[in-house]
Amino acid sequence: MTEHTRNTATNEMKVKWWELPWLRSFMPLFGFIAIIVVFSILTDGKIIRPRNINLMLSQVYVLMIASMGVFMIMTVGGIDFSQGSILGLSSIIFCWVSQRSIGLGILAAVAAGAAMGSFNGLFHVKFKIASFIVTICTMYLFRGLCKYITTSGPVPASVDVVALNQTWLKVLLTIVVLSIGFFILHFTRVGHDLHAIGAGETAARFSGCRPDLTKFLVFTASGAITGFASFINVIKVGSITGTAGSQLETQILIALVLGGMPISGGAKSRFSNIIIGTLTYSVLEKSLPMIFPVSATQQLVKGIVFLIVVALTIDRKSLRVIK
Amino acid sequence: MTPPRFALVAYMNDAMNRFQKNRFFGLIVLVAMAVLFWAFFKILSPSNFGTGKLLVSYLQTSIQYAVGGCGLYFIVVMGLFDFSIGANIVLSSLVGVLLSRQFGYWGLVLGCLICGTLIGAFNGVLYSKLRIPSMIVTVGLMLVLESVANYVVALDTSGFPGKLTSPNILALNHAPWNYIVAGLAFLSVVFILRYTKIGTYCNAIGSNEYVAKNMGIDVEKYKFIGFVLLHFFVGVMALLTVSYGKGMQAVTGMSSMDRNFKPLMGTFFGIAFKKYGYPVTAIVIGEFIITMIFNGLVSLNVPTTINDFVTGAVLLIIVTLTNRGRIGSVVK
Amino acid sequence: MKKVGLLVLCVLLACSFVFANGQGEKSSAAAKKPLIGVSIWSSTDTLGSQCKLILDAAAKALDVDIMYVDQGHISEQVTASAETLSAAGCDGIIICNSASAEMTSVINTCTENKVYVAQFFRAINQKDNPNEYALALKSPYYVGTVHENEIDNGKNLVKILCDKGARKIALEAWEAGDATFLLRWQGYKAGIEAWNKEHPNDKAVLLDPQYGGTTSDTGRATAEAIINANPDIDALIVAGGGGDTLVGALAAIDSMGLKGKIKVVSTDFLADLDKQLATGGMAAESGGHYCDPLFAFMLVYNTIKGNYKTSTNSFYEINFPYLYVSSPEDYAAYAKYFVDDLPYNADELREMATLSVEDLTKKAASLSIQDVQSRRSGK
Amino acid sequence: MEEQFLRSEQLNKYFGITHAVKDVSLGFHRGQIHGLIGENGSGKSTFCSMLCGIYSISSGKFVMNENELTVKSQVEANRSGVSIIVQEMGTLSGLTVAENIFLGEEDRFMHGIIKNTAEMNKEAQRLLDSYGFSRIKAPVMIDHYSFEDRKLVEIVKATYFNPQVVVVDETTTALSQEGRKELFKVMERIKAQGNTVIFISHDLSEVLEHTDCISILRDGELVVTVDSKDVTVDDLKRMMVGRELGGRYYRTDYGEPVSSDPVLIASHVSVPGQLQDISFTLHKGEILGVGGLSECGIHELGKAVFGASYGRTGSVTLGNGVAITSIPQAIKSSIAYASKDRDNESVVLADTIGENICLPSLDKLASHHLLSRKKMRSFAQKHATLMSVKMTGIDQYVSDLSGGNKQKVVLARWLGRGSDILVLDSPTRGIDVKVKADIYALISDLKKQGKSIIMISEEIPELLGMSDRILIMKDGRINGEFLRSQKLGEEDLIAKMV
């Protein structure tokens, strides 16, 4: 059978000009630029008006930070649907603790996120359940807690929190988190381990990586990162209702895919996927209402644009079996 | 080197090894679980939980999700997934409601089923033609279908957008008709899995796509068929759901996603008990258990907000006990 | 192969663009017309679509551009919607937020971008959210709020129920922790207390709420669960949720053959309410509040026009009345003026736009079936 | 004797540069069990895979009943009356036994779209009973049966439609005694029906006992076809070997003393179902050959030493007494491992050459846990060129390389790591002569540098040519030990293997 798999694999390797690797890696960027251009024209320049940049980006921070965690998970070939619930729950934790001290609050939120992430990791790694299944279960689990806690009303954060809702702060934090991530992924062995595990877990194991441990840590880290994102979420929203963070997981998935992230993970996943993807997503998100007054139309266009961009930019070579 | 497991898990393990050849083992486990949960809540609130009459009403609630779960089984068993079923439920039932205004039952039933099936075919085509992973392509389609539903409901000129109003087409929202429809659906799933190639091939593809190809199975074709079947049964689910709730509203902003997961839970049961040979039974009982938990919580006067938590936990435990990879196997 | 698929997609996209320009041509010539943004939980469900109707009518009458963003009452999306609308260059925004704390971010956004904002269906409670309240006072861009007196509404409904003989009342809400629901809940509880004070030897009880979501099937499932768990209830309050929850709850009672045995009250008008009232499916109903956003719209519109002045130490507050319907006749009248037709026609809307705040407030307070009747019959 | 109803004519098969089957013209008679023997890599499996449409034919053809046999897939082969029982697992879990037996052949139970499952199960059960496997129940999920029973199901699947030719490829190694008996019964039956069995096995006595005639392959060439009754096991062994050792690229030195200080001691190593109580010592500068048949545990031995086996008992310690328990630690203790399953266990296929070379050495390349791209690239570049890997650049993906070059990448990474103990499992498997020579040269070179090597191989000449000492394994145990000497011949080793 192995012989067969190799044959089929090689048959797929007819290199067409648009399959050239260097071109491939730029595809998402082109997609991004194309979208910017098209929508600037359609909105007669509204979206690139300097006054608006700030507004255009307002949503991106939480998404971008959280995406970084999921990026790591997807690089090792997993997937995480519990992100939204994690954000919601750790936001609540933050709100509680922030009453005492904001600093502590952040720590608590990160810790809570990490705990939830490691919970995912534990079940995925120890019991060898597909991450897809585990995280859908935990999505419910954490969301349930969220709703239960907020039954008697939204959980308010300390009053001074909202004062922190400054663009410069959010930008700064995002940059800090991203650069830490970038640094770790590029200048320590972590990044290489992730790529290797995603590209071939067994081989990676025989080359001295610890797939199980790494995966567990990745889930934990991703949880922690989202926990931190919850801080930015709260300073924006001020209080947390049961629905906080809903659909974040889907937004992240869409964003990363728009950014050119191979769904099967592996060596072809690039850090730039996060940035380009989340930017593209929020540009879409923000500019569609400007063109289409009706929400249904906005969404129709969003869906189709998404499909087109993906169909054009996705790298089919890296997936042998398309699941 | 072997990963440590809970004693319980280990116990389940050799229990399975012992009975594994017993064809009724899986069934026994399922029923045992159902009874367990029933007993649990019964003890906690003897008066207002789990009497025969109530159990029937729990079943009535659960069957619609079970139908969807059965449909989802075709896809999930092949390792694919579909996020657009929620959107499809909304769209199909709206089409059904719209047509029911002219054609009564025929409009409703055919509207839901045909619309559902067509969407399935559409998904299948896009999936195989664009060669994008199903998880991604269906997210896009979910966005599209959701918004289309809004245009459909806009066509509804009567004062009651998306509502089943005339009482003469409500037979499906109570016994016996809802049971009959659901029953037919279940039977046909069993039939397809047992008495056609499709079932065999779906399992084969799920087990090892390359071997399946080598055995001369047209994988692409059967994936497509899988999508069509899935959405046909989603159409049935739409029919039941819209009748059950007497109406359906168009939504935006991915809210239809929530509708994906209730059926999916049943499917997890089905997958978990696949190797005992009766996924459908597993799905039905699974959904029943979930509904029972929900009602149990209410009967304890626990705010239903905790429901998601319990459901998630129970599901996780069951999945953990039933399907785990071998040592050293690669699990994504 | 995949080119075929791509082609399909592109065609679809093209279509949707064309289609969009179909009803989007207003936005093309957005030069002079004022643009008012609506941030609403959903412009498609029962209540939401009615709101959209009246707002579109108003926009048409006053020749204003209007755009909608659905935020599904998800906090971060509520705040984001304000940013989206400001970015889109709206001159004013009317918003229905989910939790008061969100208003901080919303108001700040609007202040930064010099966009007027008014709330509808919602108000910032001075006691519970002093900071938000202060901020609202301070901001020159926070125009004001239009809201119902939810507590009274709650009281009234309970009173109606108790008068009709209900003693054990179950409560089905939509989403946990929703600001409006919490207010209504207070009202229900207050109502029960009031009743028990008056009738110490004939007490009524209110069960804890269960949450049925905003779709009719979940609504029904939850209602059934409630009734199964408490077979002896004689009344059910469906607190709201846009109407579909209520539809489901009624379906449940129907299919359980308890129609008439369990009295149902709610705060969302049903399309087929008359039938329900006639057959005893519903005991009473408050609602008709879909005109609420209209007044918020008027506030913002006039502020943009400069007719209303905003100050840094106050904002306008309009109390919007609920209409109560407890008999088929009431409903027939209601349907005549509120369902088949809009309570205000184009001229009235234009005329309304010229009113002073005081008159507008009066106008709002005076809205009732009779009021519309008189206006119509006057012509 | 009647004419040959199936024959191959000048059959050739190339894998890249490797010439696996050379001009084989071989005929088969009806109603015979035809043995096919030869060392690992002598081309017998390849030959049959071509017959069954698993591999494509490079040149030449099969002729069956006087018309050419052109099959693209196993199903087609079955249709034209050729079937194979393969080495690896051929049954699909998640299907019932019956479904497995009739997979791809459902049509005979279809009435319109309806599949008569009852009939199918009945038929399957009938077949199983007729084979005497009544304990296997047709409607039960295959998952519930042991590897052995699944094998039996496979036998049924391959033979129920009484094909004219059935290939039994090393199936016996997977079976217990009873299993084998069952299999031989089946073979006799097929023969009785006037059809032909092509029987591939390493167990020569088994072959001799059950076949009518035997063809011997060597290095992809047909040596001779003999009648089983005329020969003895020893004759067969002689015919299998009888080749001058490819001295042109093996070591030529003999009798050089090997230092006696141990660098690696394995004592009482066992792995459930794979290894039983293995103990040996590896000395500095020694090349320790480990030989045996594919299934006898030699490959697991490598994993066990590298700390990669699951559930290993016993101990593997370095000369300095450090115990090896996990892969990372093995690597730290400068042990290297090149697996037989190169694509899954050695190289990360879907990653670049550069990454692959650097992966095990990351900790060495890092200066206080920080890596510099430049350093890594130069490192990878250096070792890739040292091993003269044919590549467009170190950013090329490994999946595009040939077997030989992949192996070079593997060696490059470990030499880069500077490992002192190299465990090389089938280092020259599927590699062309040129690269083979390079690798042998490298190995002797490493020996000179004082590195110790465990060379696991299924190719006897390689073992004889390269090793200072040879361990022969059988059924998971060490079954013989030989010191390097010219007198040592292949038959000595084979005698211990089979």
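## Reading the model

Residues are numbered from 1 along each chain as its sequence is written, while chains are lettered from A and ligands numbered from 1 in the order in which they are written. Because this is a predicted model, local features need pLDDT of at least 70 and side-chain atom pairs count only at pLDDT 80 or more, whereas totals for chains, interfaces and linings use all residues.

## How the chains meet

Let's start with the contacts, where two residues count if their C-beta atoms, placed from the backbone, lie within 7 Å. Five pairs of chains are in contact, and chains A and B share the most contacts among them. Chain C and chain D, by contrast, have no contact joining them; their closest C-alpha atoms are 24 Å apart.

The contact between chains A and B draws 51 residues from chain A and 50 residues from chain B. On the chain A side, helices that each supply at least two residues include α6 (102-126), α7 (131-149) and α14 (295-313). That side has 27 nonpolar, 16 polar and eight charged residues. Here Ala, Val, Leu, Ile, Met, Phe, Trp, Tyr, Cys and Pro are nonpolar, Asp, Glu, Lys and Arg are charged, and the others, Gly among them, are polar.

## A helix in chain A

Helices (H or I, at least four residues) and strands (E, at least two) are DSSP runs, numbered from the N terminus. Helix α11 (residues 211-237) of chain A has 27 residues, so at 1.5 Å a residue it should span 39 Å, and its end C-alpha atoms agree at 38 Å apart. The expected span is 1.5 Å times one less than the number of residues.

Of the 27 residues in α11(A), 23 are buried (20 or more other C-beta atoms within 10 Å of a residue's own, all placed from the backbone). Just after this helix, Gly238(A) has a positive phi of about 90 degrees.

## Confidence in chain B

The predictor's confidence in each residue is pLDDT, from 0 to 100. Chain B averages 85, with 90% of the residues at 70 or above. Within chain B, the mean is lowest in helix α1 (residues 7-19), at 58, and highest in helix α9 (residues 219-245), at 93. Residues 1-5 of chain B fall below 50, and this stretch has seven contacts in the model beyond near neighbours in sequence. Where pLDDT is low, the predicted coordinates should not be read in detail.

## Chain D as a whole

Chain D contains 18 helices and 22 strands. Its C-alpha trace spans about 70 × 55 × 45 Å along the principal axes, and buried residues make up 50% of its 498 residues.

Technical notes. A residue is buried if 20 or more other C-beta atoms lie within 10 Å of its own, exposed if 12 or fewer, and partly exposed in between; C-beta atoms are placed from the backbone.
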